[in-house]
Amino acid sequence: MIVEIIPCLSDNYSYLIHEKKTNTISIVDPSEFGACDKVISRYKKLDFILNTHHHVDHVGANLELKKKYNAKILGSNSDKDRIPGIDILLKENQKQRIGNLEFEVMFIPGHTKGHVAFFFEKEKTAFTGDTLFSLGCGRVFEGTHEEMFNSLNKIKNLPQETKIYCGHEYTNSNLNFCLAYDSKNPLLKEKQIDIQKKINSNQPTIPVTLGQEIKTNIFLRCNDPEIKHALGLKDSSEVEVFSKLRELKDSF
Ligand code: ZN
Ligand code: FE
């Protein structure tokens, strides 16, 4: 499995997946036709389009790519009326093959009602859309804070070595939020140097491993005593801490 990162729009990432054995080409969340097609055209084919959710910055190039390459579009069953051109309806926990690769459909509502992640167990790779970002998480538009919290916990339970490919390059602004409320975390300072280096040389900060995220992403650390203390929520539950963090981040 080879993953090519395709920067789109101002801060989106689409991902091309090349499975060499059967020469199967797939793309995750094609937001912009021009940028995606430039990469796809090197392979001269596109077999599958995978959408994590229905937002236009994730499905914007669906129809044009489908028309040009006759690709099949896969998305959540519960978003069948909102994902343009959808062909294959994915159900929760379903296993699905694309060429020689197999992924599991993780149902992770919160950002939107029908949001899914694609987890490739053998390759230890997950595409998390706008649910888990590096050092952050997506805004809660259609679900509840509790749903988002539960969805993040599902991802948190994947193997630590899992490589996370998310929908946006928000890492630097997420870092500033983490530093504001988890200022004593030494790993964040280390990460800051690495992030700045990448951003200054125009490199994506993605992928990251889940293990790194669990140690540095404040939204995965709602049970940390230092963070609870910084928020004045010493005796609150994990989900209450999450909810507070999400509110603070919304206006950060
Ligand atoms: Zn979105
Ligand atoms: Fe998005």
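## Metal site

Donors are taken as N, O and S atoms within 2.8 Å of the metal (3.2 Å for Na, K and Ca), and since water is not among the atoms, sites may look incomplete. In this predicted model, the zinc ion (ligand 1) lies 3.1 Å from the iron ion (ligand 2), and Asp130 coordinates both. The pair links distant parts of the chain, with His53 in the loop between strand E4 (48-50) and helix H2 (56-59) and His111, 58 residues apart from it, in the loop between strand E8 (101-107) and E9; helices (H or I, at least four residues) and strands (E, at least two) are DSSP runs numbered from the N terminus.

The zinc ion (ligand 1) is coordinated at 2.2 to 2.3 Å by His53 (NE2), His55 (ND1), His111 (NE2) and Asp130 (OD). His53 counts as buried because its relative accessibility is 0%, and His111 counts as buried at 4%, where buried means under 20% relative accessible area, exposed over 50% and partly exposed in between (1.4 Å probe, protein chains only).

## Nonpolar cores

A nonpolar core is a set of buried Ala, Val, Leu, Ile, Met, Phe, Trp, Tyr and Cys residues joined through side-chain atoms within 4.5 Å. The largest has 34 residues, of which Leu152, Ile155, Leu210, Phe219, Phe242 and Leu245 touch the most other members. A second, separate core of 20 residues includes Ile17, Val28, Phe103 and Tyr165.

## Basis of the values

Residues are numbered from 1 along each chain as its sequence is written, while chains are lettered from A and ligands numbered from 1 in the order in which they are written. Local features need pLDDT of at least 70 and side-chain atom pairs count only at pLDDT 80 or more, whereas totals for chains, interfaces and linings use all residues, and side-chain values use heavy atoms, with hydrogens and water left out.
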